[in-house]
Amino acid sequence: MKPDKLKCKCIYLAIAYMPAFGSESQRMTCPHCQANISTEVKSEANIKTHAFALALCVFGLWCFVCCPYCMDSCLTKKHYCPNCNAYLGEQS
């Protein structure tokens, strides 16, 4: 009996680098549509924003409740592709 020939398969693995996003628009290649873009940045309220607003209510500072929704430090900056509108990441 002859031993069977060994069959080898080559596997290539592509690793996509996802940059760390900041508060400003960033140039990159969109992993979804492969277009060379500058990200579109949208500010959105998060749990920290709502917690600060609630704390202001609890302490009786009703007139300042809208302040966390106007402060950049209390909002999350989310990055989107302007070409395909895919979510790319958020400020870390």
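**Charge pairs and cysteines in a predicted model**

Glu44 has a relative accessible area of 28%, so Glu44 counts as partly exposed. For the terms: buried is under 20% relative accessible area, exposed is over 50%, and partly exposed is in between, with a 1.4 Å probe and protein chains only.

Some ground rules. This is a predicted model, where local features need pLDDT of at least 70, side-chain atom pairs count only at pLDDT 80 or more, and totals for chains, interfaces and linings use all residues. Residues are numbered from 1 along each chain as its sequence is written, and side-chain values use heavy atoms, with hydrogens and water left out.

Now the salt bridges. Here that means a side-chain nitrogen of Lys or Arg within 4 Å of a carboxyl oxygen of Asp or Glu. How many salt bridges does this rule give? The count is three.

Start with Glu44. Its partner is Lys78, at 3.4 Å from N to O. Lys78 sits in strand S4, residues 75–80, and Glu44 in strand S3, residues 40–45, so this pair ties together parts 34 residues apart in sequence. Strands are DSSP runs of E, at least two residues; helices are runs of H or I, at least four; both are numbered from the N terminus. Lys78 is partly exposed, at 22%.

Next, Glu40 and Lys42. Their closest N and O atoms are 3.9 Å apart. Glu40 is partly exposed at 32%. Lys42 is partly exposed at 38%.

Then Lys77 and Asp72, at 3.5 Å, N to O. Buried or exposed: which is Lys77? Lys77 is buried, at 6% relative accessibility. Asp72 is exposed, at 55%.

On to the cysteines. A disulfide is a covalent bond between the sulfur atoms of two cysteines. The criterion is a pair of cysteine sulfur atoms within 2.5 Å. Searching the whole structure turns up zero disulfides. Cys81 is in none, and its nearest cysteine sulfur, in Cys84, is 3.7 Å away. Cys81 is buried, at 0% relative accessibility. Cys84 is partly exposed, at 32%.

Last, an annotation. An unreviewed UniProt entry lists residues 51–71 as "transmembrane region". UniProt positions follow the numbering used here, feature names are shortened, and annotations may be inferred rather than shown by experiment. What does the model have over residues 51–71? The chain there is 38% helix and 0% strand. The end C-alpha atoms are 13 Å apart.
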